[in-house]
Amino acid sequence: MSSGWRTLLLRIGDRCPEYGGSADHKEHIETCYGVLSREFEHSRDAIFEFLLQCAEQLPHKIPFFAVLIGLINLENEDFTKDIVDTAQAKLQDALHNENRDRIRILLRFLSGLMCSKVVVPNSIIETFETLLSSAATILDEETGNPSWQPCADFYVYCILASLPWGGPELFEQVPDEFERVLVGIQSYISIRRHFDDIAFSVFETDEGHSPNKKDFMEDLWERIQVLSRSGWKVKSVPKPHLSFEAQLVAGKSHRLSPISCPLPNFSQTSSEIFKGQEKHKADLKYPQRLRRLHIFPTNKAENMQPVDRFVVEECILDVLLFFNGCRKECAFYLVSLPVSFRYEYLMAETIFSQLLLLPNPPFRPIYYTLVIIDLCKALPGAFPSVVVGAVHALFDRISNMDMECRTRLILWFSHHLSNFQFIWPWQEWSYVKDLPKWAPQRVFVQEVLEREIRLSYFEKIKQSIEDAADLEELLPPKSGPSFKFLSDESNENTDGHKLSKELVGMVRGKKGIRDIMSWVEEHIIPTYGAEFALDVVSQTLLDIGSKSFTHLITVLERYGQIISKLCPNEEMQLLLMDEVSAYWKNSTQMTAIAIDRMMGYRMISNLAIVKWVFSPANVEQFHVSDRPWEILRNAVSKTYNRISDLRKEIQSLKKGLEVAKETGEKAIKELEEAKSVLEIVEGQPAPAERPGRLRRLQAYADKAKQEEVATEESLEAKAALLARALEESKELLKLLFKRFVDVLTERLPTVSANGEIPNLRAGDQNVNFVAPDLETATMEIDNENGTDKNSEPNGQNTKNGYNVGELEQWCLCTLGYLKSFSCQYATEIWSHIAMLDDEVFVGDIHPLIRRAAFSGLCRFTNEGSQL
């Protein structure tokens with residue numbers, strides 16, 4: 001039975017075998033308390049630690065744990081006093097360490113203990129007032145720094161988030177003091193700056209501002225006010241303490257020690273750039289936890305009170321947080337939240353909001369993919385149709401979606417279908433074939449099919465769309481190399497074919513790199529030139545490595561030096577990428593992999609990749625294919641991953657150097673002490689230690705010194721590599737934004753004489769999306785598309801066509817990717833923003849370019865607006 005109480009604690013509130021399949025919360029608590037009482041004498045410390053751990057990692061069950069602690073309080077006040085003191089100490093520690101999740105959950109836990117008569121209500125009020133005071137101080141122009149408003153918002157958010165759990169009891173027990181807290185929150189909301197989150201919005205609008213009139217804090221405060229007006233009645237929060245109230249009131253309530261909130265390090269400056277950098281740091285440290293994604297129309301989603309939606313969202317996010325890496329347990333807890341109503345639609349919206357969260361999801365996208373798959377299996381009669389409805393609703397608004405979110409949706413959807421035998425009602429989307437090749441819906445279907453082929457094979461995916469044969473036109477060419485020197489009767493006698501065949505023979509004969517390079521320099525370059533030599537060598541080596549990814553890596557590792565010597569400058573590297581693209585013209589995946597590995601082996605520089613992506617041939621593909629963008633994303637990502645790895649290695653070496661110095665000092669000290677011990681031998685002083693031990697200590701000291709020197713040399717080498725990488729990244733950013741500015745400036749429509757900025761979506765004003773009839777047995781979604789009243793569809797996607805022109809769509813896509821890169825790499829960009837302002841964003845930059853780049857940085861334009 002030693003582990004039985006742990007299982008009962010974990011499963012309390014769940015309909016499970018441990019509680020006989022009962023859903024009676026009172027019975028659960030009585031059963032669990034009875035077992036804990038019997039085990040208390042032998043396992044007091046274990047129960048103490050496990051209760052706190054459960055409260056922190058299963059926060060949606062805090063009301064149950066709080067009642068158990070309240071019942072224990074009746075018999076053992078010292079135990080509960082230790083619980084309260086430990087929770088307070090953990091809260092104080094979390095505040096100093098800026099552990100946001102622990103702060104939020106511990107405040108909820110203390111509120112739950114207050115409901116179970118374990119904590120004095122006035123202590124909770126004092127804690128709230130301390131947080132409010134700190135938030136107000138941060139916003140004060142003289143004593144604080146308004147750039148750190150995200151920190152102040154977080155403190156107030158923690159208070160508001162705990163009110164559904166403890167507000168009813170505070171309202172009942174200390175109404176005057178509680179009203180004082182609410183007045184303080186209202187005052188804070190009135191002085192804080194409204195946050196326009198357009199940079200993080202999944203769906204873009206024409207006007208250049210967020211589609212949501214209220215920001216997250218304003219919306220949450222409104223929900224709490226609605227809750228207050230309704231008498232603090234919350235359906236989504238379990239209230240097991242009410243069933244035990246007569247018993248709990250007999251226990252002693254404990255006071256919390258006062259807490260203190262450390263304020264951020266403020267720097268007073270009027271510099272616009274410095275303020276922007278400070279705000280970015282604050283956003284990174286205190287990011288908004290949830291950005292709601294309203295996918296479904298109101299007549300489809302569950303009807304619940306505003307605060308109940310917030311509470312369930314919080315519970316879903318908590319489960320995703322604490323069960324990251326435990327997908328089965330995550331799905332179990334997600335489908336068994338202790339609420340009395342259904343929430344499948346809300347669960348889908350919340351998970352998709354995290355998957356599409358900008359600038360980055362909290363966890364790797366694969367985690368959300370697996371959770372959605374497991375939820376479909378756990379709720380086979382409900383959740384699959386909800387996911388289908390979500391996909392259709394998002395597809396209907398795909399032209400309005402942020403480019404980064406669109407890419408993530410493509411990757412998720414293709415992976416999701418691969419786990420369900422690629423079954424999808426493609427015939428409902430067959431009309432996209434008749435849309436222009438640049439229409440976002442057509443491009444979406446095209447990219448999903450291409451990604452599916454990567455996860456399977458061409459024939460399988462072609463078979464999966466046999467009910468929508470029209471879509472076969474969107475399938476990529478059947479994957480396979482396009483070898484320029486493939487021998488046949490008509491061309492086998494050309495010089496290129498002969499040289500290629502000879503090179504293959506040398507490789508198969510295991511000739512060394514030096515021999516092959518000498519052959520190239522003596523037989524090809526003098527006669528045909530370096531470009532022809534690169535053509536023959538690169539095409540032939542790619543063909544040798546074409547059987548698999550492993551073959552390609554092996555060829556590049558063995559013969560990469562030959563390619564590197566043939567590509568000493570960016571001009572030749574551009575030709576090399578042309579050769580790779582030509583050889584793998586039927587495979588976007590292999591093109592991206594080959595260029596990525598060549599960059600990894602330093603055959604190609606990141607600057608060369610940027611120039612190649614922005615070459616005329618690729619620029620023309622920006623709006624109809626993800627191929628150039630995938631290559632560019634890989635190059636930029638690899639550049640900053642390399643910097644991140646170097647920083648980690650330097651930190652590790654610094655710690656190693658400290659250890660080496662300490663070891664060396666200790667060895668030298670022992671050696672000197674041994675030498676200092678003398679004895680008189682034949683009237684003369686001599687070392688008392690044996691010569692063998694002295695030699696051993698000397699060897700230890702010498703070895704420690706060598707390790708210290710070697711570590712210092714490694715540290716210096718890594719520091720030099722980091723400095724070089726940082727300089728490369730600076731040049732990369734400058735070139736990347738310069739190329740964006742150049743290509744956009746050439747194509748964007750000019751600003752009118754009166755300064756009116758052109759509307760690239762002008763052709764679709766007041767047009768509602770018209771889709772085929774989607775009412776089927778497996779999918780419940782109507783033509784409302786889940787669009788809220790403040791959003792606007794971008795483009796008329798019908799069977800008749802898409803009415804945004806090709807040039808306009810090209811501009812929209814490229815601006816979208818500019819914003820995406822700004823948002824994804826905002827930290828790196830802010831560190832070089834002065835250089836970019838001086839060298840890139842100068843002169844008469846088109847306002848749409850400036851708006852896209854600045855909105856990704858959450859930086860206001862001169863006009864005071866964002867994209």
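Here are some questions and answers about this predicted model.

User: How far does helix H26 reach from its first C-alpha to its last?
Analyst: H26 covers residues 588-600, so 13 residues, counting at 1.5 Å a residue. The expected span on that basis is 18 Å. The helix in the model comes close to that, reaching 18 Å.

User: Which helices do the buried residues of H26 pack against?
Analyst: Buried residues of H26 include Met590, Ala594, Ile595 and Met598. Asp596 is buried in H26 as well. The packing partners of the buried residues are H18, H23, H24, H25, H27 and H29.

User: How far from the sulfur of Cys158 is the nearest cysteine sulfur?
Analyst: A search of the whole structure turns up zero disulfides. Cys158 is in no disulfide, and the nearest cysteine sulfur belongs to Cys261. Cys158 counts as buried because its relative accessibility is 1%. The distance to the sulfur of Cys261 is 9.4 Å.

User: Are the rings of Phe352 and Trp412 stacked or edge-to-face?
Analyst: The structure holds 41 aromatic pairs, so let's take one of them. The centres of Phe352 and Trp412 are 5.0 Å apart and their planes are at 85°. Planes over 60 degrees apart fall in one class, so this pair is edge-to-face.

User: How many residues apart are Phe352 and Trp412?
Analyst: Phe352 is in helix H14, while Trp412 is in helix H17. Phe352 is buried at 1% relative accessibility, and Trp412 is buried at 2%. The pair links distant parts of the chain, and the separation is 60 residues.

User: Where is Phe841, the ring partner of Phe737?
Analyst: Phe737 and Phe841 form an edge-to-face pair, 5.8 Å centre to centre with 70° between the planes. Phe737 is in helix H30, and the two residues are 104 apart. Phe737 is buried at 2% relative accessibility, and Phe841 is buried at 6%. Phe841 is in the loop between helix H33 and helix H34.

User: Which residue lies over the face of Trp810?
Analyst: Trp810 belongs to a cluster linked by ring pairs, with Phe614, Trp629 and Phe740 among its members. The residue over the face of Trp810 is 4.7 Å from the ring centre. That residue is Arg747.

User: Is Lys510 buried or exposed?
Analyst: Lys510 is in the loop between helix H20 and helix H21. Its relative accessibility is 70%. The cut-off to pass is 50%, so Lys510 counts as exposed.

User: Which residues does Asp318 contact, leaving aside neighbours within four places in sequence?
Analyst: Asp318 lies in helix H12. At 1% relative accessibility, Asp318 counts as buried. Its contacts are Pro59, Arg104, Ile105, Arg108 and Arg289.

User: What is the relative accessible area of Ser822?
Analyst: Ser822 is found in helix H31. Not counting residues up to four places away, Ser822 touches Phe737, Ile829, Ala852, Ala853, Gly856 and Leu857. Ser822 is buried, and its relative accessible area is 0%.

Terms used:
Residues are numbered from 1 along each chain as its sequence is written. This is a predicted model: local features need pLDDT of at least 70, side-chain atom pairs count only at pLDDT 80 or more; totals for chains, interfaces and linings use all residues. Side-chain values use heavy atoms; hydrogens and water are left out. Helices (H or I, at least four residues) and strands (E, at least two) are DSSP runs, numbered from the N terminus. Buried means under 20% relative accessible area, exposed over 50%, partly exposed in between (1.4 Å probe, protein chains only). Contact means heavy atoms within 4.5 Å. A disulfide is a pair of cysteine sulfur atoms within 2.5 Å. Rings of Phe, Tyr and Trp (its six-membered ring) pair if their centres lie within 6.5 Å; planes under 30 degrees apart count as stacked, over 60 as edge-to-face and the rest as tilted. A charge sits over a ring if NZ of Lys or CZ of Arg is within 6 Å of the ring centre and within 35 degrees of the ring normal.
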